[in-house]
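Subject: Structure handover

Hello,

Here is the structure for your files. My notes on it follow below.

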Amino acid sequence: MEVGQMQRRLLEYTKSLFMEGVLDNQFLQLQQLQDESNPDFVAEVVSLFFADSERLLNDLTRALDQPTIDFKMVDSHVHQLKGSSSSIGAERIKNACVAFRNFCEEQNIEGCMSCLQQVKQEYCLVKNKLETLFRMEQQIVAAGGSIPMMELSF
Amino acid sequence: MNYESKDTKTDLRGEVFKMWLNCWERISGNSYYIHHLYYQSIGSKRVRETWWRKVLITWLLFWTLVSLWIFWYMSSQATEKRREALGSMCDERARMLQDQFNVSMNHVQAMSILISTFHHGKNPSAIDQMTFTRYTERTAFERPLTSGVAYAVRVLRSEREEFEKQQGWTIKRMDTFEHNPVHKDEPSPIEEEYAPVIFAQDTVSHVISLDMLSGKEDRENVLRARASGKGVLTAPFRLLKTNRLGVILTFAVYKRELPSNATPNERIEATDGYLGGIFDIESLVEKLLQQLASKQTIFVNVYDITNLSQPISMYGSNVSDDGLWHVSTLNFGDPFRKHEMRCRFKQKAPWPLLAISTSIGILVIASLVGHIFQATVNRIAKVEEDYHGMMELKKKAEAADVAKSQFLATVSHEIRTPMNGVLGMLDMLMDTELDVTQQDYVRTAQASGKALVSLINEVLDQAKVESGKLELEAVSFNLRAILDDVLSLFSGKSQDKGVELAVYISDRVPETLIGDPGRFRQIITNLMGNSIKFTEKGHIFVTVYLVEEVVDSIEVETELSSSKNTLSGYPVADRCHSWKGFKTFNQDGSTSPFKSSSADLINLIVSVEDTGQGIPLEAQSRIFTPFMQVGPSISRTHGGTGIGLSISKYLVGRMKGEIGFVSIPNIGSTFTFTAVFGNGSSTSNEHNSQQMNNQPNSVSSEFQGMKALVVDPRPIRAKVSRYHIQRLGIQVEVVSDLLQCLSQIASGKVWEKDTSVSTLFVNNLRKLGCGFQSKLFLLANSISSSRANTSTDGVSIPSVIMKPLRSSMLAASLQRAMGVGNKGNIRNGELPSMSLRHLLLGRKILIVDDNNVNLKVAAAGLKRYGAAVVCVERGKKATELLTPPHQFDACFMDIQMPEMDGFEATKIIREMEHNFNNRIRRGEVSIEAYENVSNFHVPILAMTADVIQATYEECLRSGMDGYVSKPFEAEQLYREVSRFFPPIPDRSP
């Protein structure tokens with residue numbers, strides 16, 4: 001595949017992520033932080049985010065499985081997840097976390113469970129999309145092209 | 001009550017007094033009670049109700065008793081009166097009867113003397129039957145009560161025969177059976193003595209020759225009469241012949257004069273004969289009563305009550321007794337017989353109407369009063385109930401108000417989030433390569449977006465104003481730049497409408513002021529927004545002066561207030577009137593308050609003048625009330641929340657100023673407010689050229705030394721134009737007409753600009769100005785007029801500058817026209833990042849966040865500006881690292897962390913710093929060891945995702961210096977960081 005075409009595809013794809021609300025402005029800022037001195041910054045942060053989120057999700061699943069649920073702990077986990085997801089601009093996870101925390105406050109177990117499922121789903125979605133994105137970027141790099149910056153014209 | 005007291009005045013005085021007393025107690029009790037009512041809780045309501053019911057019933061019972069008593073009293077009075085009347089009537093009749101009887105009796109007595117004189121005293125007798133009859137006949141009027149008189153002579157047994165012979169008839173016996181009509185004229189049996197009637201009046205002539213002693217009553221009578229020597233009456237009996245009730249009065253006739261104390265035997269001895277008068281009581285009494293006027297009203301009965309147990313009716317019918325009767329005794333001169341008269345009313349007593357009506361009246365009044373009390377009590381109860389209801393509603397309304405505020409806060413927060421995205425994107429767009437026009441578009445878009453955010457903030461502000469939580473900042477700002485901004489915000493709208501928009505700021509207003517630019521801008525935006533909403537033609541003109549200027553120079557006022565001399569030529573409302581009510585102006589004369597403070601405090605007076613439809617007079621009073629608009633149609637036509645003016649008023653108040661307006665319908669409104677700011681350029685004037693805002697002065701050098709000529713027939717507009725061009729550093733001259741202009745140009749200067757007069761001028765100019773260097777600019781008000789110009793112009797198209805004039809726009813247009821390079825222009829978005837780089841380069845910064853991802857992102861963000869970043873994940877770790885002495889320049893701290901949160905960590909750090917500083921001060925630690933840092937205070941900024949007032953306050957409480965939102969936003973970061981880090985020395989001016 002031609003490099004230019006790949007670049008175009010990447011742009012299209014990135015744009016679709018924004019349109020779907022999977023990512024937001026913050027991700028662009030993250031990309032801006034990446035420069036020559038720190039070429040893999042986005043990937044590093046994102047993988048950190050994945051590791052962190054998976055740990056948190058496991059913790060959450062376990063916490064909600066307990067016969068007596070420690071809502072305070074659940075809340076702090078969700079807070080963490082919300083913080084990190086808003087840091088990388090994973091907007092839909094963040095929104096799900098907001099709802100999650102509301103249920104936590106109400107101590108609504110059913111709500112929490114359904115929110116956990118939703119967060120998990122969103123997480124998988126983001127993970128897939130971002131992995132695809134990075135794969136495309138790597139392909140471009142491998143093909144000798146440069147990664148185009150997102151145009152701010154949508 | 002009066003009525004009643006009048007009626008019973010004399011007798012009831014005591015009673016009435018008591019009643020009044022009672023009443024008074026009641027009333028005062030009531031008032032106390034009413035008073036008391038308001039302090040009683042709902043719980044006692046039932047008690048009160050029953051209490052009132054009892055009082056009411058008692059009241060009614062009491063008055064019922066009173067009225068009954070009055071009824072009884074009055075009717076007894078009436079009965080008494082009636083009884084008295086009856087008594088007097090009865091007595092009168094009795095007396096008359098008695099008198100007449102006495103008259104008759106006296107006459108009968110006189111007759112007896114006549115008889116004793118002329119019959120017994122003479123021999124032969126001078127009186128015979130004939131004479132007697134005639135005499136008695138003629139003297140009958142003297143004896144009104146007698147129906148007849150007769151004389152009987154005493155005849156002893158021994159004398160009978162002689163007597164019979166002499167008289168020529170035998171003595172006859174009277175019939176013992178009185179009711180037997182048949183007379184037995186048989187001779188009387190032999191008796192001891194006889195008393196035959198010898199003379200008789202015609203009416204009773206049938207009794208002649210009858211023996212009086214043979215009749216039962218007559219005999220008794222005769223015997224008693226001769227024994228007593230007085231007139232004696234019989235019991236009433238049926239008279240002979242007439243068969244009517246009657247009595248007979250008998251007098252004895254004596255032979256000789258007897259002493260008054262003669263014994264009965266002597267009297268009997270001396271008796272000669274007996275004179276009897278017959279009283280026909282029935283007819284006589286009737287005759288008598290007929291002479292009296294009021295005979296009809298009463299019944300009269302006359303009784304002989306000699307035998308008390310068996311009174312003998314002498315007169316009157318025996319009508320059934322109705323209770324009320326009067327007895328008068330009659331004395332007919334016979335001590336043995338007793339008579340009495342009984343009177344009764346013919347009619348029954350009339351209904352005691354007066355008493356009935358009086359008592360009913362009292363009852364009615366009392367029940368009315370009771371009703372009033374009842375109504376009052378009910379009313380009070382109802383009002384109280386309503387009051388509680390209202391309280392309830394009020395509570396609900398307040399709760400709803402709180403809910404509303406919360407809702408507003410939430411919604412505005414939610415809207416702000418996407419708006420921040422839009423604004424961020426625009427920010428980035430500005431960073432890209434854009435030409436001047438594009439840049440202006442973007443800037444306008446950004447300004448509009450910010451205005452939207454500020455509108456949302458306005459709604460939040462209202463909530464804050466309502467809870468009194470609004471805080472004003474005190475930072476330095478450029479007033480002119482702010483007004484340019486606001487102007488550009490409204491320029492699109494004003495161009496669409498063809499309304500001219502202009503700003504004039506007096507030269508004496510300092511470049512930099514210290515105050516709250518956001519709030520100032522908000523006021524201006526509100527006022528201008530209103531103006532532009534309601535103005536369809538003409539202009540909107542914002543002027544800013546120092547208060548001293550306005551007060552001192554009448555010139556300023558007169559110049560601007562003359563009606564024709566306005567920006568667009570339309571008449572305006574005289575703005576002098578808009579500040580009439582201001583306190584600062586009322587205490588003028590000395591005007592000292594401004595002058596004394598003018599060194600470091602700047603008193604601004606800002607007017608926004610429009611030629612719109614004005615505010616209707618009836619709406620002017622409530623113009624500053626929140627959510628109040630002129631009318632419902634206004635909000636439909638123009639939209640808006642209606643809180644702008646009330647917030648403005650509040651803000652002006654907070655800026656120690658006043659706001660006022662004058663408005664003439666269909667001419668326009670002028671809003672004026674004053675505000676007090678700090679003087680930001682008091683330190684050095686050079687500072688003016690080093691604006692943080694890169695607005696006008698960045699380009700000023702390019703135009704330095706140029707000259708411009710402004711041609712405008714309207715001095716105010718020319719003044720505004722001059723003000724804007726001067727800001728670019730261009731010398732300006734103003735002429736009012738074209739001829740002058742041409743001569744000025746002929747003298748050969750670089751020049752520019754004009755009004756939107758016409759192409760005629762351009763043609764003239766072209767004829768004249770061949771090798772002439774100057775550029776021609778037209779100042780156009782709206783797109784349509786500029787197009788008209790360009791189309792008619794044809795050849796040499798002069799540049800058209802759209803109004804409103806703003807220095808950036810002006811500068812850009814000039815640059816384009818004159819070919820001054822675009823490149824020298826500093827790009828807008830670069831400023832914060834560049835400045836941040838300056839500020840943060842080489843700084844050692846600690847970031848504390850338990851979230852790895854956040855930590856990494858924040859670190860990268862700061863590293864981008866050249867800072868040396870250390871990351872830790874725990875608050876505890878941070879406290880260790882920040883134990884003085886240390887080398888950190890700042891710390892960014894997450895608030896919510898496990899184990900030790902940001903607030904706690906900050907508190908610990910501040911504690912440690914405090915201790916350490918104390919030790920330095922005491923000399924325990926030498927300052928030199930730590931790079932001469934005498935006072936450790938590391939700036940700690942909170943990193944938080946939800947930026948709300950409460951969080952901010954808590955940050956400050958726990959010793960933090962500020963906060964940045966997470967993720968970092970360049971401008972905010974710059975603002976916060978610049979507060980702590982002095983600019984790097986070699987770069988600062």
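Glu511(B) and Arg480(B) join their side chains in a salt bridge, 3.4 Å from N to O. A salt bridge here is a side-chain nitrogen of Lys or Arg within 4 Å of a carboxyl oxygen of Asp or Glu. Glu511(B) sits in the loop between strand 16 (500-505) and strand 17 (512-515) of chain B, and Arg480(B) in helix 11 (residues 479-497) of chain B, so the pair ties together parts that are 31 residues apart in sequence. Helices (H or I, at least four residues) and strands (E, at least two) are DSSP runs, numbered from the N terminus. Arg480(B) is buried, at 5% relative accessible area. Buried means under 20% relative accessible area, exposed means over 50%, and partly exposed is in between (1.4 Å probe, protein chains only).

Some ground rules. This is a predicted model: local features need pLDDT of at least 70, side-chain atom pairs count only at pLDDT 80 or more, and totals for chains, interfaces and linings use all residues. Residues are numbered from 1 along each chain as its sequence is written, chains are lettered from A and ligands numbered from 1 in the order in which they are written, and side-chain values use heavy atoms, leaving out hydrogens and water.

Other salt bridges

The whole structure holds 18 salt bridges over all chains. One of them pairs Glu340(B) with Arg342(B), at 2.6 Å from N to O. Glu340(B) is buried, with a relative accessible area of 8%. Arg342(B) is partly exposed, at 27%.

Asp386(B) forms a salt bridge with Lys382(B), and their closest N and O atoms are 3.6 Å apart. These two residues are four apart in helix 9 (residues 353-431) of chain B, which puts about one helical turn between them. Asp386(B) is partly exposed, at 36% relative accessible area. Lys382(B) is partly exposed too, at 46%.

In chain A, a network of salt bridges links Asp52(A), Arg55(A), Asp59(A) and Arg62(A).

Chain B overall

Chain B has 30 helices and 30 strands. Of its 989 residues, 46% are buried. Take the contacts in chain B between residues at least 6 apart in sequence: 72% of them join residues at least 24 apart. Contact means heavy atoms within 4.5 Å.

Strand 29 of chain B

How many of the five residues of strand 29 (residues 940-944) of chain B are buried? Five of the five are, so the strand is largely enclosed by the rest of the structure. Ile940(B), Ala942(B) and Thr944(B) point one way, and Leu941(B) and Met943(B) point the other. In a regular strand, side chains alternate between the two faces of the sheet.

Strand 29 of chain B pairs in the parallel sense with strand 28 (residues 890-894) of chain B, over four bridges. Two strands pair if DSSP finds at least two bridges between them. Asp894(B) stands opposite Met943(B). Four bridges also join strand 29 of chain B to strand 30 (residues 962-965) of chain B, and these two run parallel. There, Leu941(B) stands opposite Gly962(B).

The contact between the chains

Chain A gives 22 residues to the contact and chain B gives 16. Together the two chains bury about 1900 Å², with 60% of it on carbon and sulfur atoms. Buried area is the accessible area (1.4 Å probe) that two parts lose on being put together, summed over both. On the side of chain A that touches chain B, the elements giving two or more residues are helix 2 (25-33), helix 3 (41-65) and helix 4 (71-88) of chain A. The residues on that side divide into nine nonpolar, 10 polar and three charged. Ala, Val, Leu, Ile, Met, Phe, Trp, Tyr, Cys and Pro count as nonpolar, Asp, Glu, Lys and Arg as charged, and the others, Gly among them, as polar. The count of salt bridges between chain A and chain B is zero.

Two single residues

Arg244(B) lies in the loop between strand 8 (237-238) and strand 9 (245-254) of chain B. Arg244(B) is partly exposed, at 34% relative accessible area. Leaving aside residues up to four places away in sequence, Arg244(B) touches Phe237(B), Arg238(B), Leu239(B), Asp280(B), Glu282(B) and Ser283(B).

Lys129(A) is in helix 6 (residues 109-142) of chain A. Lys129(A) is buried, at 17% relative accessible area. With residues up to four places away in sequence not counted, Lys129(A) touches Tyr13(A), Leu17(A) and Glu20(A).

Best wishes
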